[in-house]
Structures are given as C-alpha cells and as structure tokens.
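Biologist: Please take a close look at the aromatic rings in this model. I would like to know how they pair and where they sit.

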Amino acid sequence: KGIVGCESPQLVFNGSILPMGLALSSTALVGGCTVEVVFMAVGDLPLYDNRGSDVLPVRIWVDPASSLPVGASGGHLDLSGFTHLNAAIVVPLLSASLTSLDLRQCWMKLADMHAIFGAVPASVKELRASRNFLNSECLQALSAKGLQLRVLDVGYPDSSGMALVGISELVGEHTEELIVGDFDISAESLHLWDSILKRCPNLKKIDISWCKCRGSAFGTAVLQALSEHCPQLEVLAAAHCDCSPDAVIAVATKCTRLKVVALDCLNLPSVAVLAQLPNLEVAHLEMASAGALLLAAAELKVNQLHLGIHGPAEPDEQACCEDAPGGLQALGQRLAEALAKSTATTIGLSLPLDCPCLDIAVLRAVGPRLQSLTEVTWRSEGSTTTSMLSLLSQVPESCGSLRVLSISFWEQIDPGVLAVVAAACPNLEHLQLNADSHNFQKSPIDDGVAALGRHCLNLVYVDLYDRKMENAAAVLAQACKGWPKLRFLCAANTTQGLAWNEADPELILPRSLAAHCPDLREVVLYDDALASWRDVLKEGCPFLKDDEDD
C-alpha cells in the first residue's frame with residue numbers, strides 16, 4: 001500500500017531499520033532492492049483482558065553478541081518478550097543515540113529495572129517497560145534524566161507500590177501515549193492527575209485500566225481531566241478503574257477524535273454520546289445491565305465490538321434484563337436483530353446464559369464474525385441451564401473465526417459435544433474449560449480433548465482444571481502433538497484422584513510436551529510431580545518459567 005507496515009515484520013535496508021509508517025517514496029527502495037526481515041514486531045498490547053502474565057510473543061536471550069536485534073545502533077532497541085535479561089546485559093546496549101527502548105514483558109527484577117532506568121540516555125523519546133518489576137523509585141530514577149518522552153509505558157508492574165511520583169517530570173507537550181494500567185493510586189495523590197494531564201495537551205492514547213485508588217473515584221477524576229485538557233485523545237482504555245457514566249459523557253463530548261474505547265461504567269445517555277463519535281472504530285464495553293443498555297451498545301457503528309455483562313455480585317437476573325424493549329423473553333431476539341445489522345466485522349461476547357441474552361439466534365446473527373465467547377457465570381452448582389458447548393455445536397458456521405472460548409465452571413461437559421465444537425473451531429487459541437469443584441465432572445472428557453488435538457492446532461492456552469479424564473497422560477500426550485503454539489496447560493485434578501507421578505510414571509506427557517510444544521511457558525498440576533518433570537520439559541521448552549507454582 002506504499003507504506004512500511006505497522007503490524008508487519010520489522011524491515012532493515014542497508015543496515016538501518018525502516019521506520020514504521022514511512023512512505024516508500026521517502027526511501028531509497030526501488031524494484032529489485034532486498035530488505036531483511038528482522039523479527040515480527042510485537043505491536044500494541046491488547047486494550048482489555050491484558051493483566052495476564054504473557055500477552056506478547058516470548059523470545060529467549062541466548063548470546064548477547066548474536067542476539068542483539070539488527071538496527072539497535074540506529075536508535076531502536078526492541079528487547080520486548082526476551083527472557084533471562086538483566087541490567088548487566090541491557091545497560092551496555094543503551095547507546096547515546098538511542099531514541100526508542102522497548103523492555104515490555106521481560107519480567108526483570110526491581111534492582112535490574114532501577115539500574116536500567118538510571119542508565120537510560122536523555123535521547124530516548126519512546127520508553128516501553130510494562131510487565132516488569134517496577135516501583136516508584138524506578139520512576140524517580142527516570143525523572144532525573146530530563147527526558148522528553150513521546151511514549152511512556154510503565155503499566156501493569158509486577159509489584160505493589162507503583163505510584164505517581166516522578167511521572168510529572170516525564171510527560172509534557174511532547175507526550176502522546178501514557179500507559180499506567182494497574183497502578184496503585186493513593187487518595188492523597190489523586191489530585192496530581194489534573195496537573196499531569198494538563199501538561200499533555202497532545203495526548204493521543206492512555207491506558208488506566210485496573211488502576212486502584214481505595215475510597216476514591218479514580219477513573220472519574222482522570223476522565224474529567226482528560227475532557228478538560230486532552231482534546232487530541234484517540235485511544236482510551238479505562239476499564240475496571242471506577243469511572244462514572246457522567247465522566248464517560250464528558251470525555252466523549254470533548255474528545256471527539258476517539259477511535260478506540262474500553263469502558264465498563266455506562267448508562268444509556270453515555271452510550272448515546274459514544275454513538276455520536278464520528279471516528280469510533282473499536283468499542284469494548286462491559287455493562288451491569290443486560291437489557292436496553294446492552295441493545296443500545298450493540299447498535300454502535302464500529303468495526304470491532306465486544307459486549308460484556310459483569311452484573312452485580314449476586315445478580316437478580318430478572319431485574320438485570322427487565323428493561324429490555326419487549327420484555328425479558330424478547331431480549332435474545334432483539335439482540336440478535338441488532339447484531340445482525342451491526343457494522344462490526346469482529347465481535348466478542350461475554351454474556352450470561354441464565355439471563356436469556358445469549359442463545360442460538362444471537363450466535364447465528366453474529367455468524368463467522370464471532371472471535372471470542374465467554375459465559376459470565378451467574379449460575380450455581382446443579383443448575384440446569386443451557387450448555388454453552390451445546391449451543392456452539394448447533395452453529396458450526398459461527399465457530400470458524402473463534403479464538404477465545406470460556407465456559408462456565410458449572411457446566412457438565414459432554415465429551416462428544418466438545419469433539420463437535422473442536423472440529424468447528426480451527427482457529428481457537430484460548431480455551432478455558434475448567435471446573436471449580438473436585439469430582440464435579442461426571443463423564444471423562446478424553447474424546448473431546450483428543451479432538452482438540454486433532455482440530456485446534458493454534459491453541460496457546462488450555463485449562464482443564466477439575467475435568468475428569470480416564471487416561472489423562474496418554475490422551476494429553478497425543479493431543480499436545482497438535483498444539484505447537486501451546487504456552488499454558490492446566491491439567492490439575494484431571495486424573496481421578498491419582499497424583500501425576502502415579503498417573504504418568506513413565507513421564508509420557510512431559511516428554512511429549514518437550515518434543516512438540518517449544519513455546520510452553522507454564523504447566524499447572526498442583527502436586528509434586530512438576531518438580532520431577534522440570535528437567536524433561538526444559539529439554540524442549542526453553543521458555544518454561546523458573547518460578548513455577550506447583
């Protein structure tokens with residue numbers, strides 16, 4: 001398209017990285033030139049469901065001399081996702097000409113991050129360091145450097161005590177992206193947000209999701225400040241941080257360039273204001289009501305739409321749905337009609353089956369646009385509500401693009417039905433089938449798991465906790481041969497009371513995982529077997545975590 005791609009491999013020509021978004025006409029590239037593919041650019045973090053430990057590709061640092069990414073000396077150093085890094089490796093790579101440093105998801109320790117931040121050169125304009133062990137002292141080490149950062153990403157720190165101290169000195173008119181998700185914000189420092197955002201009139205992207213501020217409406221204060229000071233805002237991730245619908249209205253009214261929103265405190269007027277945004281492309285919305293509010297959100301004119309119901313702690317299903325036009329029984333049909341007309345090309349749903357807003361008509365209306373499906377669990381043990389897997393088995397035409405599937409832990413899995421769903425879901429990546437009670441699962445699910453191994457070859461995450469299997473070791477050993485991208489496997493309590501050392505004395509499962517799952521990061525068994533598996537697994541799984549929770 002005449003542009004050096006945004007989510008394409010990183011390209012090097014004549015020893016220099018071609019900057020993202022650069023017009024080809026601005027380079028020396030002509031027909032017949034050869035460019036080198038360095039590595040796949042990891043791109044942005046997801047704007048929701050992004051608290052998981054690994055959300056980026058994982059890479060292993062083998063030899064600093066040979067593993068240094070090409071182009072690092074040209075101002076760009078991308079170490080994101082590398083394991084086994086420390087300050088002794090990173091600091092020597094921080095050249096005086098460095099402009100962009102990416103350390104996301106390296107899980108480096110506090111002492112290493114403090115040393116690295118203290119050595120960051122003043123030339124750096126883009127600093128991405130989320131998903132490491134960070135604290136306020138790390139930010140203070142940065143704040144003394146006189147940096148003028150276009151991008152500051154220090155969100156989702158794997159430690160407590162990450163506060164606002166030092167951020168004011170790191171941001172200003174030059175700042176366009178600010179990622180501080182999952183911070184602990186003290187009520188005393190809440191007033192700092194107005195002054196911080198007042199310094200950022202050109203801010204285009206902010207992520208404050210999952211920030212915690214006990215006793216204060218943190219999200220509301222930030223959204224109000226954004227509405228007053230940041231008219232250029234395009235991307236807003238503000239889920240699970242205590243926002244008010246009025247604050248959503250304020251920011252959507254003033255920040256009319258918004259393209260992407262992730263929000264969970266909404267009412268009908270706030271959704272109506274979102275509907276007026278001329279450039280809105282992506283909406284990830286969670287609501288407490290499955291009635292008129294859900295239907296209004298389903299009618300938003302966007303390219304990507306995710307609708308979720310979180311509901312109260314002990315929901316009254318009737319009360320949560322009764323304001324739907326046409327009453328409770330018409331809710332599913334009305335939602336199906338809205339989604340059938342939706343402009344969205346990809347759709348995700350996180351909805352309860354108990355409140356009838358998720359049924360066959362809805363799944364058929366979404367069709368092959370369905371990319372994620374999660375049942376919000378309102379039911380209790382012994383409930384006779386409809387099975388999610390049973391619904392999916394009846395609409396295979398809606399399963400071809402499905403990447404994320406999570407069922408209720410109170411659903412009894414029929415292994416035959418699971419096999420039918422597996423055959424219909426070739427693109428499935430994240431599968432959560434776990435139960436939550438020992439001996440809850442009645443029928444062994446071996447046939448369904450075997451089908452997952454035959455058909456779902458893109459699986460990255462598989463959770464089978466508390467799901468009974470007749471021969472867990474042999475079936476999983478065979479199934480994982482079809483899961484070359486697997487990074488997480490929970491097989492705890494699948495062996496009908498046997499410890500894994502008894503269920504698999506010959507270690508056939510760890511040997512198979514080592515042979516066929518090179519990207520494996522985590523195995524959960526909840527017994528002592530994992531210690532005896534580790535040496536076998538590490539022969540073929542170099543990314544395996546060292547601090548595994550057995």
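Modeller: Here is a walk through the aromatic pairs and the residues in them.

This is a predicted model, in which local features need pLDDT of at least 70, side-chain atom pairs count only at pLDDT 80 or more, and totals for chains, interfaces and linings use all residues. Residues are numbered from 1 along each chain as its sequence is written, and side-chain values use heavy atoms, with hydrogens and water left out.

A pair of aromatic rings is described by the distance of the centres and the angle of the planes. Rings of Phe, Tyr and Trp (its six-membered ring) pair if their centres lie within 6.5 Å. Planes under 30 degrees apart count as stacked, over 60 as edge-to-face and the rest as tilted. A search of the whole structure finds six aromatic pairs.

Take Trp 410 and Phe 440, one of these pairs. Their centres are 5.5 Å apart, with 75° between the planes. That makes the pair edge-to-face. The two residues come from distant parts of the chain, 30 residues apart. Trp 410 sits in the loop between β18 (404–406) and α14 (415–424). Phe 440 sits in the loop between β19 (430–432) and α15 (446–455). Helices (H or I, at least four residues) and strands (E, at least two) are DSSP runs, numbered from the N terminus.

Trp 410 has 16% relative accessibility, so Trp 410 counts as buried. Phe 440 has 6%, so Phe 440 is buried too. Ring pairs also bring in Phe 409, which joins Trp 410 and Phe 440 in a cluster.

Now turn to Tyr 465 and Tyr 526. This pair is edge-to-face, at 5.7 Å centre to centre and 85° between the planes. It also links distant parts of the chain, 61 residues apart. Tyr 465 is in the loop between β20 (461–463) and α16 (472–479). Tyr 526 is in the loop between β22 (522–524) and α19 (529–538). Tyr 465 is partly exposed because its relative accessibility is 23%. Tyr 526, at 48%, counts as partly exposed as well.

Tyr 526 has one further feature, in its backbone. Most residues other than glycine have a negative phi. Phi of Tyr 526 is near 60°, a positive value. Trp 107 also has a positive phi, near 55°. Trp 107 lies in the loop between β7 (100–102) and α3 (110–119).

Definitions and conventions:
Buried < 20%, exposed > 50% of the residue type's maximum accessible area, 1.4 Å probe, protein only.
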